[in-house]
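Please find below some notes on the model, written as numbered points.

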Amino acid sequence: MAQIEHDSVSGASAARKIGEGPVERLCKLACVAALVVMLVVIGVDIVTRSLFNFSFEISDELGGYMLVVITFVSLSVCQVNDSFHHVELVQSRLSARGRAISHFIFDLLSLTFCALLLWQLVRLEMSSWRFGDRAPTYLATPLWLPRLAMVLGAAALCFSVLRTLAADFRTLREPIDPGGGPHGA
């Protein structure tokens, strides 16, 4: 019986998973590029410190910027791959229709939060651009550059949550079979 419940919950999760679109594939590629840049910069710094007792003193700054890129840009990829945490204890006790409604409501709330986050990040980005904020570091990086990654990541997340919400809506409109799952599942 427990195996059947587990299969129905994971089946609902698998049915919810939508394929990666071009936005999510681009975000995944940006994450890979940021990770490679971070590894190269840190690797070069380690080699120059070890062999030549010299440091470019930029690895911390660039590594931090790449971490921001990876953090924000990966959110949309996680959304479409259904990689965020779920409360399985609650979801397993709901009917298929209840799970579909729960997913729809949660994704609607998530979209609202993401839209608010995007709005605030756009305001921060515009402020950075307008006032010419620069990092107080050796590179004196214009702060609109790393903050742009935050805006693009939040916008991609909004797009992906919209796609997930559309999939949730389609699931809600499907007829439910007598076994409790969506018809044809």
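The points below start with the basis of the values and then go through the contacts.

1. Basis. This is a predicted model, in which local features need pLDDT of at least 70 and side-chain atom pairs count only at pLDDT 80 or more, while totals for chains, interfaces and linings use all residues. Residues are numbered from 1 along each chain as its sequence is written, and side-chain values use heavy atoms, with hydrogens and water left out.

2. Fold. The chain has six helices and zero strands, where helices (H or I, at least four residues) and strands (E, at least two) are DSSP runs numbered from the N terminus. The order of elements from the N terminus on is α-α-α-α-α-α. Of the 185 residues of the chain, 32% count as buried; the term means under 20% relative accessible area, with exposed over 50% and partly exposed in between (1.4 Å probe, protein chains only).

3. Cysteines. How many disulfides are there? The count comes to zero disulfides, a disulfide being a pair of cysteine sulfur atoms within 2.5 Å. Cys-27 is in no disulfide, and the nearest cysteine sulfur, that of Cys-31, is 6.8 Å away. Seen from Cys-31, the closest cysteine sulfur is in Cys-27, and 6.8 Å is too far for a bond. Cys-27 is buried at 9% relative accessibility, and Cys-31 is buried at 12%.

4. Aromatic pairs. The structure holds three aromatic pairs. Rings of Phe, Tyr and Trp (its six-membered ring) pair if their centres lie within 6.5 Å; planes under 30 degrees apart count as stacked, over 60 as edge-to-face and the rest as tilted. One of the pairs is Phe-54 with Phe-56, which is edge-to-face at 5.1 Å centre to centre and 80° between the planes. Phe-54 is partly exposed, at 43% relative accessibility, and Phe-56 is partly exposed with a relative accessible area of 42%.

5. The tryptophan pair. Trp-129 and Trp-144 also form an edge-to-face pair, with 4.8 Å centre to centre and 75° between the planes. Why does this pair tie together parts that are 15 residues apart in sequence? Trp-129 lies in helix α5 (residues 96–131) and Trp-144 in helix α6 (residues 144–173), so the contact links those parts. Trp-129 counts as exposed at 56% relative accessibility, whereas Trp-144 counts as partly exposed at 26%.

6. Charge over a ring. Arg-123 lies over the face of Trp-119, at 5.6 Å from the ring centre. The criterion is that NZ of Lys or CZ of Arg is within 6 Å of the ring centre and within 35 degrees of the ring normal.

7. Nonpolar patch. Which residues form a nonpolar patch on the surface? They are Val-32, Val-36, Val-40, Val-44, Val-47, Leu-51, Phe-52, Phe-54 and Phe-56, with about 850 Å² of accessible area together. Patches are made of residues with over 30% relative accessible area and no salt bridge; like charges are joined within 9 Å, nonpolar side chains (Val, Leu, Ile, Met, Phe, Trp, Tyr) within 5 Å. Areas come from the Shrake-Rupley method with a 1.4 Å probe, and for residues only the protein chains shown count as cover. Phe-56 is in the loop between α2 (22–52) and α3 (59–80).

8. Salt bridges. The count comes to four salt bridges, each defined as a side-chain nitrogen of Lys or Arg within 4 Å of a carboxyl oxygen of Asp or Glu. Among them is the pair of Glu-20 and Lys-28, at 3.0 Å, N to O. Glu-20 is partly exposed at 22% relative accessible area, and Lys-28 is partly exposed at 39%.

9. Bridge between helices. Arg-163 forms a salt bridge with Glu-24, with the closest N and O atoms 2.8 Å apart. Arg-163 lies in helix α6 and Glu-24 in helix α2, so this pair ties together parts that are 139 residues apart in sequence. Arg-163 is partly exposed at 24% relative accessible area, whereas Glu-24 is buried at 0%.

10. Bridge within a helix. The side chains of Arg-49 and Asp-45 meet in a salt bridge of 3.1 Å, N to O. The two are four residues apart in helix α2, so about one helical turn separates them. Arg-49 is partly exposed at 47% relative accessibility, whereas Asp-45 is buried at 7% relative accessible area.
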